[in-house]
Amino acid sequence: MTRRLLCGSLVLVIWGCGGKPTPPTVPVTGSVTYQGEPVAGAIVAFSPITPGAGSFTAFGTTDEQGRFALRTAIDGATDKDGAVEGAYIVTISKTSRSESPVIGSAKSPDEVRERLAANRENRSRPPTSRAGVSQNRSTGNAVRELENVIPLRYQNTTGSPLRRVVPGDSYDFVLTDE
């Protein structure tokens, strides 16, 4: 009986350890600057140029000095430091909630609604992400919108001009308005 239990346990251990091996990763660290200043709190993503089975996206967030270190989500539950070797499109995004010029120092929800109404009357076009505030159509409550801190072209894989190869390239990014 003990022998059967021991053999059964051994089979389960071997079976449980037989999963797919995770791909090796390479350490990737770098920095992000925009208008000559480090960008803190930006999300940096390396997406494979040729996506498909066995391709992995790596992510990192910049610190106060604009530095980041990438991590790769291998199976949705396992993160590994670095990025899998390959060619990547790099996207960098950062948004913030700025103080709204419309809401300003409003003290109550009624005052916010009054200011939104006055703002609608004075504008010929709807608010944009740069306006900082819009109105929830179903509740009438003010909703702060996110403002893009860096140019939009760096934020999606179809428009980003940033390309890198892992390993080998510099991972320092100097973003411009041009």
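Predicted model: local features only at pLDDT ≥ 70, side-chain atom pairs only at ≥ 80, totals over all residues.
Aspartate 81 is exposed, its relative accessible area being 54%.

The side chain of aspartate 81 meets that of arginine 71 in a salt bridge, with an N to O distance of 2.1 Å. This pair links distant parts of the chain: aspartate 81 lies in strand S8 (residues 79-81), arginine 71 lies in strand S7 (residues 71-73), and the two are 10 residues apart. Salt bridges that share partners join Arg71, Asp79 and Asp81 into one network.

Arginine 71 has a relative accessibility of 34% and therefore counts as partly exposed. Its side chain also meets that of aspartate 79 in a salt bridge, at 3.8 Å from N to O. Because a salt bridge requires a side-chain nitrogen of Lys or Arg within 4 Å of a carboxyl oxygen of Asp or Glu, the contact between aspartate 79 and arginine 71, at 3.8 Å, qualifies. Aspartate 79 counts as partly exposed, with 44% relative accessibility. Aspartate 81, at 54%, is exposed, since that class begins over 50% relative accessible area.

A further salt bridge is formed by aspartate 63 and arginine 67, whose closest N and O atoms are 3.8 Å apart. Aspartate 63 has a relative accessible area of 29%, so this residue is partly exposed. Arginine 67 is partly exposed as well, at 45% relative accessibility.

Notes:
Residues numbered from 1 in each chain as written. Heavy atoms only, no water. Buried < 20%, exposed > 50% of the residue type's maximum accessible area, 1.4 Å probe, protein only. Helix = DSSP H or I, 4+ residues; strand = E, 2+ residues; numbered from the N terminus.
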